[in-house]
Amino acid sequence: MSRFNSYKRTNIILQHLKMSNHTDAAAEVLLERKGCAGVITLNRPRFLNTLTLGMIRQIYAQLKKWEQDPKTFLIIIKGAGEKAFCAGGDIRALSEARNTNQKMLQDLFREEYILNNAIDSCQKPYIALIHGITMGGGVGVSVHGQFRVATEKSVFAMPETAIGLFPDVGGGYFLPRLQGKLGYFLALTGFRLKGRDVYTAGIATHFVDFEKLGMLEEDLLALKSPSKENIADVLETYHAKSKTDQDKPFILEEHMDKINSWFSANTVEQIVDNLQQDGSSFALEQLKVIKKMSPTSLKITLRQLMEGSSKTLPEVLIMEYRLSQACMKGHDFHEGVRAAEAFERCLCSLAKSPEVPALLLSRLGETPAMVNPAIYHFACT
C-alpha cells in the first residue's frame, strides 16, 4: 500500500510538471465576451492547461480591460477539457532557463504574481470553475478570486516541496488562513484534497455537481447587468442543490486535532519529532512523505507561512518573488524537476549526488542559506 501511495503521489507531481513544446495553431488561452461576462478559457487540455508566460500576459492585459469595461459585469475563468482546471506553471521551462535565460526566470514569477494580485483586487466579480486538477499556478489564478466553484472531480494540491520549491502564488497568504494548521499540513506534505473536501477546507467557496457546471455557466452568462449579490445568489442556488458527498465527512476531520498540534511547531525538526512520537499510522505516513521532500524547501515553506500569516497579499507576493529567485539559483528545484521527470520514487532527493548534505534535515541545520535570518529578512522587506 505504501508503494502504491508513493506511485500515486509521484504521478500527481508529474501531472503538475507536465509541460510542452506546444506548437498547435490553437490559442493557448481563449479570451471571449459572452453575454454579461468576460470568459477566460485555459486552452491546453493535452498538457493539463499549464500556464505559460504568454498566457499570463494575455490574461492580465484582458483582465484589466474587462475591469474597466462597463458592459462586463463578471469574469469567469475555466479550463478546457475535463481533466484539469490548471495543473500549474511552466516549471520545465523555468528549469531549462537556468543557464540560458535568467530574464525569463525573473519575468515569469514577477508577472504571474502581478496577475495573482490583480485577481485579488479585481473590481468585477471573478469566478473560477476549478473542476479537475488545480495545483500550483492554477491555484494562483483561482483562489484569490471572489468565487471558486469546485466539483466532485476537483483535485487541489500544492506539491512544491517535492520539487525543491515552496507553495508560492500567494500560498504564504491563503494557506496559513485556513482552519487551524490545515494550510501548514497541506503545504509541507503536498496532501491532495478532492471533491467536496476542496470546499470544506475553504479553498472553494461553492460546490456544484459536475453535470450541472455547464448549466451554471449558462445561467451566469444570461444575467442582465447583475450585481455581486445577483451572482452570489445564482452560485448559492446551485450549491444548495448539489447533493454529491453532501453527508461525507471531511477526509481529515478525525485527524485535525492532531494536525493542529503537530504543525504548531516552529521548526521542521520539531514537526518531525511530533510525528515520530505520535506513532499512529496516519502520523507515520505523513512522516514518510515529509522525508521525501526537499529539506530546504520544507524550512523555507514553514517560515514563509509563519511570516505570511500576518502580512497582506501584496507583501507576501513580494516576499515570494524574492524567495523564488533565490530558489532558482539553488540546486534543489532543478534536481527536483529532473528527478520527477525521471519518475524517481523519491522526487526531490539528490540521490545521484549523495554527498550533498542538504538532503538530510539533521545535517541541514537550523539556518540553511535561504532561511538564515539576515537573508530571509531581506526577502521579507
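Colleague: Which residues point one way from strand β5, and are they buried or exposed?

Modeller: The model is predicted, so local features need pLDDT of at least 70 and side-chain atom pairs count only at pLDDT 80 or more, while totals for chains, interfaces and linings use all residues. Residues are numbered from 1 along each chain as its sequence is written, and side-chain values use heavy atoms, without hydrogens and water. In a regular strand the side chains alternate between the two faces of the sheet. From β5 (residues 126-129), I127 and L129 point the other way from the pair asked for, which is Y126 and A128, and all are buried (under 20% relative accessible area, with exposed over 50% and partly exposed in between; 1.4 Å probe, protein chains only).

Colleague: Which residue of β7 stands opposite A128?

Modeller: Strands are DSSP runs of E, at least two residues long, and helices are runs of H or I, at least four, numbered from the N terminus. Two strands pair if DSSP finds at least two bridges between them. β5 and β7 (residues 147-150) are joined in the parallel sense by three bridges. Opposite A128 stands R148.

Colleague: Which residue in β5 is the bridge partner of I76?

Modeller: Strand β3 (residues 74-79) runs parallel to β5, with three bridges between them. The partner of I76 is I127.

Colleague: Which are the edge strands of the open sheet?

Modeller: The sheet has four strands in the order β4-β6-β8-β9, with mixed pairing. Pairing on one side only are β4 (84-86) and β9 (193-194).
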